[in-house]
Amino acid sequence: MIYIYVDTKSYDYSKIDKALEYAKKEHLKDFRFLVNDIRSIDYLREKGYKAVNLDGFEDVFNIVTHDDKLYYNTDEDDTFVKIQFPTSIKF
């Protein structure tokens, strides 16, 4: 799973583009994007990827299990995610 927070004031998709580059570089397969808004889902669909809408970073707990590898890029507080998923990677 790759979680990305997109600023909905500017809809700057540079974090998504960075995540796409990271996924290609690391040869990630069978992953889903987790994003915080509908426009980001459309942006990812146009590029051929699937995404799930989450209202906030804390919703990661509802969808990610300990068997999942979590990669994320957010300005939100990530303390609880680091505790729950110690193998998570912030990029």
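Predicted model: local features only at pLDDT ≥ 70, side-chain atom pairs only at ≥ 80, totals over all residues.

Colleague: Thanks! How many aromatic pairs does the count come to?

Modeller: There are 10 aromatic pairs. One of them joins Phe31 and Phe33 in an edge-to-face arrangement, with 5.3 Å centre to centre and 80 degrees between the planes.

Colleague: Is Phe33 buried or exposed?

Modeller: Phe33 counts as buried because its relative accessibility is 0%, and the cut-off for buried is under 20%. Phe31 is buried too, since its value is 16%.

Colleague: What other ring does Phe33 form an aromatic pair with?

Modeller: Tyr49 is a partner of Phe33, again edge-to-face, at 5.7 Å centre to centre and 90 degrees between the planes.

Colleague: And where do Phe33 and Tyr49 lie in the fold?

Modeller: Phe33 is in strand β2 (residues 33–35), while Tyr49 is in the loop between α2 (38–46) and β3 (51–53), so their pair ties together parts 16 residues apart in sequence. Tyr49 is partly exposed because its relative accessible area is 23%.

Colleague: Nice. Which residues do ring pairs link into a cluster?

Modeller: That would be Tyr3, Phe57 and Tyr72.

Colleague: Switching to the core: which residues touch the most other members of the largest nonpolar core?

Modeller: That core has 19 residues, and those touching the most other members are Ile2, Ile4, Ile16, Leu28, Phe33 and Leu44. At least two core residues come from each of β1 (2–4), α1 (14–25), β2 and α2.

Colleague: Which element gives the most to this core?

Modeller: Helix α1 does, with 5 residues.

Colleague: Last topic, the surface. Which residues form a nonpolar patch there?

Modeller: Phe61, Phe80 and Ile83 make up a nonpolar patch, and together they have about 330 Å² of accessible area.

Colleague: Where is Phe80 placed, and why does Phe80 count as exposed?

Modeller: Phe80 is in helix α4, which covers residues 79–84. Phe80 counts as exposed because its relative accessibility is 59%, and the cut-off for exposed is over 50%.

Colleague: Great, thanks for walking me through this!

How values were computed:
Residues numbered from 1 in each chain as written. Heavy atoms only, no water. Patch = residues over 30% accessible without salt bridge, like charges linked within 9 Å, V, L, I, M, F, W, Y side chains within 5 Å. Areas by Shrake-Rupley, 256 points an atom, 1.4 Å probe, with all protein chains shown as cover. Salt bridge = Lys/Arg side-chain N within 4 Å of Asp/Glu carboxyl O. Helix = DSSP H or I, 4+ residues; strand = E, 2+ residues; numbered from the N terminus. Buried < 20%, exposed > 50% of the residue type's maximum accessible area, 1.4 Å probe, protein only. Phe/Tyr/Trp six-rings, centres within 6.5 Å; stacked < 30°, edge-to-face > 60°. Core = buried A, V, L, I, M, F, W, Y, C linked by side-chain atoms within 4.5 Å.
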